[in-house]
Amino acid sequence: MKSSNVLEVSDLRKSFPLRSGVFSRVTGHVRAVDGISFHLARGETLGLVGESGCGKSTTGRLVLRLLDPTGGVIKFNGEDISSLPRAKMRPLRRKMQIVFQDPFASLNPRMTIGAAVTEPFNIHKIGLKPDRLKMAAELLEKVGMRADALSRYPHEFSGGQRQRIGIARAIALNPEFLTLDEPVSALDVSIQAQVINLLMDLKEEYKMTYLFISHDLSVVERMCDRVAVMYLGKIMETGLANKIYSNPVHPYTEALLSATPVPDPENKTSRIKLKGDVPSAINPPSGCVFHTRCPVAKPECAKIVPELTKRAPGHMAACIIR
């Protein structure tokens with residue numbers, strides 16, 4: 001029996017060693033992801049948001065085992081995949097895929113689009129070899145591309161077209177779970193809307209589950225059922241998207257939402273400006289990692305590490321002040 005959660009993450013951590021000197025000795029660690037826990041129910045979209053460098057993309061790669069975790073547990077369909085060897089991970093690759101942020105860098109410039117899209121079929125031996133180009137053509141049409149793109153190369157397409165090709169390749173094996181790592185941030189605004197609509201349609205058609213990573217809160221509001229807000233490798237707040245947007249609890253979430261542009265020029269909102277810069281993940285602040293920039297911080301915030309606590313049904317925040 002399948003678990004009701006496609007993904008369950010507990011105390012996930014990832015540190016990257018810093019090396020220096022002639023002998024490349026380890027002199028410190030970058031704590032990219034520092035003990036986060038969340039789950040992703042079957043068929044839902046979870047938005048992972050936060051400033052650049054907060055650990056969003058690293059988290060996305062960890063849950064797919066593109067990076068090996070330093071600690072913690074990752075369960076996919078109830079199976080612990082945290083330390084599975086590559087050979088045992090390979091069958092699971094059909095069920096979990098990723099769409100990368102840069103649609104040009106994620107495509108091999110020396111491969112035709114046909115070769116790129118049929119590659120998953122070749123690796124996993126899906127279908128007969130003569131039929132694979134036809135299958136690839138059907139995928140391209142599914143994402144709004146013409147079949148004659150198969151013989152062309154990535155540099156012949158626009159950014160939006162390349163991202164559609166990347167999406168076609170990601171859904172080629174009919175996966176259950178898709179990590180979308182800022183899939184529209186490199187695209188023009190008009191193209192962003194088209195790609196977002198495409199992703200929403202594909203989710204319904206293929207019954208997929210999404211982990212949607214973004215720093216664009218307006219896109220996340222449209223796409224996601226739930227939201228998790230990250231800061232310096234930790235989750236500050238998580239809950240239903242409509243609750244987070246209408247009633248944020250954590251001061252960091254409030255500051256992020258206040259910076260979101262409002263399309264109505266008559267409706268001017270007051271922006272919360274955070275003091276200072278984001279601290280280094282090499283030596284994060286003690287206590288609450290946000291206290292050095294928090295507008296409501298008190299002395300005890302530097303000593304106590306706040307835990308995610310329930311504030312309302314399905315709504316949790318890590319703050320000892322609120």
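I began with a network of salt bridges that links Arg31, Asp34 and Lys234. For a salt bridge I took a side-chain nitrogen of Lys or Arg within 4 Å of a carboxyl oxygen of Asp or Glu.

The model is predicted, so I kept its limits in mind: local features need pLDDT of at least 70, side-chain atom pairs count only at pLDDT 80 or more, and totals for chains, interfaces and linings use all residues. Residues are numbered from 1 along each chain as its sequence is written, and side-chain values use heavy atoms, with hydrogens and water left out.

**Salt bridges**

How many salt bridges does the rule give? I noted a count of 13.

I looked up Asp34 and Arg31, whose side chains meet in a salt bridge at 3.7 Å, N to O. Are these two residues buried or exposed? I used these cut-offs: buried is under 20% relative accessible area, exposed is over 50%, and partly exposed is in between (1.4 Å probe, protein chains only). Asp34 counts as buried because its relative accessibility is 15%. Arg31 counts as partly exposed because its value is 39%.

Next I took Glu205, which forms a salt bridge with Lys142; their closest N and O atoms are 2.6 Å apart. This pair links distant parts of the chain, with Glu205 in helix 6 (residues 189-206) and Lys142 in helix 4, 63 residues apart. Helices here are DSSP runs of H or I with at least four residues, strands are runs of E with at least two, and both are numbered from the N terminus. Glu205 has a relative accessible area of 46%, so I wrote it down as partly exposed. Lys142 is partly exposed too, at 37%.

I then checked Asp225 and Lys203, whose side chains form a salt bridge at 3.5 Å, N to O. Here too distant parts of the chain are linked: Asp225 sits in the loop between helix 7 (217-223) and strand 9 (226-231), and Lys203 is in helix 6, 22 residues apart. Asp225 is partly exposed at 36% relative accessibility, whereas Lys203 is buried at 11%.

**Helix 3**

Which residues of helix 3 are buried? In this helix (residues 113-123) I listed Ile113, Gly114, Ala116, Val117, Thr118, Pro120 and Phe121.

What covers these buried residues? Going by contact (heavy atoms within 4.5 Å), I found that the cover includes helix 4 (132-142) and helix 5 (159-170). Helix 4 is also where I had placed Lys142.

Last, I looked just after helix 3, where Lys125 takes a positive phi of about 55°.
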